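This briefing covers helix packing and nonpolar cores in one structure. Please keep the sequence and the model in view while reading.

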Amino acid sequence: MRLRAISTYVDLLLKWNARINLTAVRQPEEIIQRHFGESLFAANYVLAQKPVAKAIDLGSGAGFPGVPFALLAPEAKVTLIEASQKKATFLRELIYALGLKNVKVYGDRGESYPGRADLVMLRAVEKFEKALLVAESLVEPGERIALMVGQSQVEVAVKSDPRVQWHEPIAIPSGNSRVLLLGTTLVKVE
């Protein structure tokens, strides 16, 4: 089932990518290795730590890492936040084509999203520092943020907010020097 879903995903991504820029990666093998490889590695690692009930993929773009996460965790409710209406339309078509019942698209900016989640994911977003602050505002107290970032962005993340306890970065296999950086928000003391 997952292999069929990934094949459908790649086909749809290539079709749409010819019309709008969803990803600079154009070769199916590279899409599998970079986008799916990174996303599935991170999802497996995060899910091995503890279950996730609600997840947000902030700046979802072409659906990475949120859609692969949803494929691995069908019990989790996943929200893909994407402000670009063209990309949000692609994501809605993708969700329909894959028959995913646990995924929805929020086609607006993350700052205006009314909910929170126990996991917020971020990968390859523009304006990283600003997006990171939005991600931190969307995660429930005591819960996790998962960043798939370049090594140079680790220091920026670690200095971003003292209310997030960051763990040691984990190298993503074949991730072109990307790492998985997990942070846990501090629980509010009332």
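At what angle do helix H1 and helix H2 pack, and how far apart are their axes? In this predicted model, H1 (residues 2–17) and H2 (residues 28–49) pack at an angle of about 120°, and their axes are 11 Å apart. That angle makes H1 oblique to H2.

**Contact of H1 with H2**

- The two helices, H1 and H2, cross in a right-handed sense.
- On the H1 side, the residues that meet H2 are Ile6, Tyr9, Val10, Leu13 and Leu14.
- On the H2 side, their partners are Pro28, Ile31, Ile32, Phe36 and Leu40.
- The residues of this contact comprise 10 nonpolar, no polar and no charged.

**Nonpolar cores**

- The largest nonpolar core has 44 residues, and those touching the most other members are Tyr9, Leu13, Phe69, Val78, Leu80, Phe90 and Leu119.
- H1 supplies the largest share of this core, with 7 residues.
- Neighbours within four places in sequence aside, Phe90 is in contact with Tyr9, Leu12, Leu13, Trp16, Leu22, Gly61 and Ala62.
- Another core, of 24 residues, lies apart from the largest one, and its members include Val134, Ala135, Val154 and Val179.

**Surroundings of helix H5**

- Helix H5 spans residues 128–138, and its buried residues are Phe128, Ala131, Leu132, Val134, Ala135, Glu136 and Leu138.
- Strands packed against by the buried residues of H5 are S1 (54–58), S2 (77–81), S4 (117–123), S5 (139–150) and S6 (164–166).
- The buried residues of H5 also pack against helix H6 (151–160).

Definitions and conventions
Residues numbered from 1 in each chain as written. Predicted model: local features only at pLDDT ≥ 70, side-chain atom pairs only at ≥ 80, totals over all residues. Heavy atoms only, no water. Axes fitted to C-alpha atoms, helices over the stretch in contact; angles between N-to-C directions. Helix = DSSP H or I, 4+ residues; strand = E, 2+ residues; numbered from the N terminus. Parallel < 35°, antiparallel > 145°, perpendicular 65-115°, else oblique. Left-handed = near helix turned anticlockwise from the far one by under 90°. Contact = heavy atoms within 4.5 Å. Nonpolar A, V, L, I, M, F, W, Y, C, P; charged D, E, K, R; others polar. Core = buried A, V, L, I, M, F, W, Y, C linked by side-chain atoms within 4.5 Å. Buried < 20%, exposed > 50% of the residue type's maximum accessible area, 1.4 Å probe, protein only.
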